[in-house]
Amino acid sequence: MTTAPSHDWLGTLAEDRLSQDRARAERVADKLRDRMLDGELLPGLQLNEKAISEALGISRNTLREAFRLLTHERLLVHEHSRGVFVCEPGVAEVADIYAARRVIECGAIRRWADAGEGARQGVRDAVEFGVRGARSDNWLDVGTANIRFHRAITALAGSLRLDEEVQRLLAELRLAFHVMGNPREFYQDYLPMNQAILALLDADSVAEAEVELLRYFDTAESHLVTRLSGR
């Protein structure tokens, strides 16, 4: 099991220190989930209760409740007498995540024409962030841009409940992405797919964009499952 992150994620977490009146477990869980979405919390990492509670300025009881919520979301796992660890998704979990994403995101992308301009711009901004990351050879940013792209696709549906569900799914999936190793090797194939999907949407070719999105899912799932099966 991983016992330490690759960089000072506790330092960045402390920057989001919560005031006592907002230190509810749900908010703490949001903060930790965001760190997973950004690729800062690695699968297998043991979470230090004392360090995190001090970084956020919260009680341990609040943190334990946040841990419970994230365990329910399959993002953390509690091992008796050992502590709390970030989950390491396997083949079955990846297949289930992609099954859910096909239903949610393909339904959401059909709402392109009816979505507000702000929602459509969110998709464009995510792709542009990925392009900038590739140009600067920052492939972790490209990975974050990929997450933002799929959250923006979901946001086209205009449903807070779907947004929250996809955020949980993508956080779990981001943990699986770490098995791919070199982020450039993994993400360089998917940025052009995101660009192609956006180009079709901007051309009002929504049905074709949905087909391209399904192709994306098939390719990404196969890529991940192959790597996970070979561990």
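Helices here are DSSP runs of H or I with at least four residues, numbered from the N terminus. By that numbering, H7 gives four residues to the lining of the largest cavity, the largest share. The model is predicted.

**Largest cavity**
- The count comes to two cavities of 30 Å³ or more.
- The largest has a volume of about 60 Å³.
- Helix H6 (117–135), helix H7 (139–155) and helix H10 (191–202) are the elements that each give two or more residues to its lining.
- Lining residues include Ala126, Val127 and Gly130, along with Val142, Ala145, Asn146 and Phe149.
- Tyr187, Tyr190, Leu191 and Asn194 also line the largest cavity.
- By class, this lining has eight nonpolar and three polar residues, and no charged ones.

**Second largest cavity**
- The volume of the second largest cavity is about 40 Å³.
- Helix H5 (91–109), helix H8 (160–177), helix H9 (183–187) and helix H11 (206–229) each supply at least two lining residues.
- Among the lining residues are Tyr98, Arg101, Leu173, Phe177, Phe186, Tyr216 and Ala220.
- Asn146, Tyr187 and Tyr190 line the largest cavity and also the second largest cavity.
- The lining of the second largest cavity divides into eight nonpolar residues, one polar and one charged.

**Sheet**
- Three strands make an open, antiparallel sheet in the order E1-E3-E2.
- Strand E1 (46–47) and strand E2 (76–79) are the edge strands, each pairing on one side only.
- Two bridges join E1 to strand E3 (residues 83–86) in the antiparallel sense.
- Leu47 stands opposite Val84 of E3.

How values were computed: Residues are numbered from 1 along each chain as its sequence is written. This is a predicted model: local features need pLDDT of at least 70, side-chain atom pairs count only at pLDDT 80 or more; totals for chains, interfaces and linings use all residues. Side-chain values use heavy atoms; hydrogens and water are left out. Two strands pair if DSSP finds at least two bridges between them. On a 1 Å grid over the protein atoms alone, a cavity is a set of points where a 1.4 Å probe fits but cannot get out, and a pocket is an open set with protein on both sides within 12 Å along at least five of seven lines; lining residues have an atom within 4 Å of a point. Grid points are joined across faces, edges and corners, and a volume is the space filled by probe spheres set on the points. Ala, Val, Leu, Ile, Met, Phe, Trp, Tyr, Cys and Pro count as nonpolar, Asp, Glu, Lys and Arg as charged, and the others, Gly among them, as polar.
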